[in-house]
Amino acid sequence: MYKLYSLLTFGLLVSTALMATANPGKPSSKFYEVRIYHPTPGKYAEIVDRFRQYTTKIFEKHGMENIGYWTPTDTSRKELIYILAYPSREARDASWKAFGSDPEWKAVVAKTEANGKLVDHVDQIFMTESDISPKVKTGTKSPERTFELRTYTPAPGKLDALLSRFRDHTIKLFSKHGMTHIGYWVTQEKEGGQPKLVYILAHPSEAEGKAHFDEFRKDPNWVKVKEASEKDGSLTTKVESVYMNPTDYSPIK
């Protein structure tokens, strides 16, 4: 009898965990921004270090929430990728205005760019949290993980169908194959632009992440779901993936 009770209890716990994964709850109202810094030639280490020593602290001073800082595992890609969160789009604009005019920041720029600019250009992606996202939490795990930034461009008119597939199937199958969910967002585009799905997963390593995706793609359940959901055509026109290592100062590791 005790053994049967234990099995039933275990089954209930597993069921509850799956339900929690499938139903992450009401999304946060925060406004998010992905910023990708492309340094001037030879300045990669210096821009990464400037964030370590100065920038993240001045961001906090002006009400910006540091979410995560990463560099691509492909070392030929000299980029610093990071995510900030704000209470709203208006708060974001006010914070950046205050940051740009802060005498402390101006002194840092003068000091660190005495021998030339550190940044060639910056790519920006504005986002809001999707209802399929778990609560985005900072924190570290041991051993340190590898992260994957994935961007899906939906086929015209297919964003809702893509989100439904993630909500009903994909997220649970990712969990089944050992992938950890960090956050899921929908991009905020200029008028007439096509919103995209952006999400981050964590893996024990890049090799294991790729192996888990291979297993996922071969999963009979996924094969069936993909075929049924794409009977009228693919839900995406482009899928992009970047594997990333967290910096030593990243709030998420």
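User: What does the side chain of H181 reach at 3.3 Å?

Analyst: The side chain of H181 reaches the backbone oxygen of I171 at 3.3 Å. A polar contact is a pair of N or O atoms within 3.5 Å; within protein, one must be able to donate a hydrogen and the other to accept it, and residues adjacent in sequence count only if both atoms are side-chain atoms. The model is predicted: local features need pLDDT of at least 70, side-chain atom pairs count only at pLDDT 80 or more, and totals for chains, interfaces and linings use all residues. Numbering starts from 1 along each chain as its sequence is written, and side-chain values use heavy atoms, without hydrogens and water.

User: Which side chain does H181 join in a polar contact of 2.8 Å?

Analyst: That of S175.

User: Why is H181 called buried?

Analyst: Its relative accessibility is 18%. Buried means under 20% relative accessible area, exposed over 50%, partly exposed in between (1.4 Å probe, protein chains only). So H181 counts as buried.

User: Where does H181 lie?

Analyst: H181 lies in strand β6, residues 180-187. Strands (E, at least two residues) and helices (H or I, at least four) are DSSP runs, numbered from the N terminus.

User: How do you know that β6 pairs with β7?

Analyst: Six bridges join β6 to β7 (residues 197-203), and the two run antiparallel. Two strands pair if DSSP finds at least two bridges between them.

User: How do the eight strands close up?

Analyst: They form a barrel in the order β1-β3-β2-β8-β5-β7-β6-β4, with antiparallel pairing. The twist averages 35° from one strand to the next.

User: Which strands does helix α5 lie across?

Analyst: Helix α5 (residues 159-176) lies across β5, β6, β7 and β8. Its angle to β6 is about 175°. Axes are lines fitted to C-alpha atoms, for helices over the stretch in contact (heavy atoms within 4.5 Å). Angles run from 0 to 180 degrees between N-to-C directions.

User: What makes β3 mostly covered?

Analyst: Seven of its seven residues are buried. L80, Y82, L84 and Y86 are on one side, with I81, I83 and A85 on the other. In a regular strand the side chains alternate between the two faces of the sheet.

User: How many bridges pair β3 with β1, and how many with β2?

Analyst: Seven bridges pair β1 with β3. Five pair β2 with β3. Both pairings are antiparallel.

User: Why is the contact of E33 with R35 called a salt bridge?

Analyst: The closest N and O atoms are 2.9 Å apart. A salt bridge is a side-chain nitrogen of Lys or Arg within 4 Å of a carboxyl oxygen of Asp or Glu. So E33 and R35 form a salt bridge. E33 is buried, with a relative accessible area of 0%. R35 is buried too, at 7%.

User: What separates R89 and D93 along helix α3?

Analyst: About one helical turn, because R89 and D93 are four residues apart in α3 (residues 89-100). Their side chains meet in a salt bridge of 3.4 Å, N to O. R89 counts as partly exposed at 34% relative accessibility. D93 is partly exposed at 35%.

User: Which residues are linked in a network of salt bridges?

Analyst: E33, R35, R89, R92 and D93. A search of the whole structure finds 20 salt bridges.
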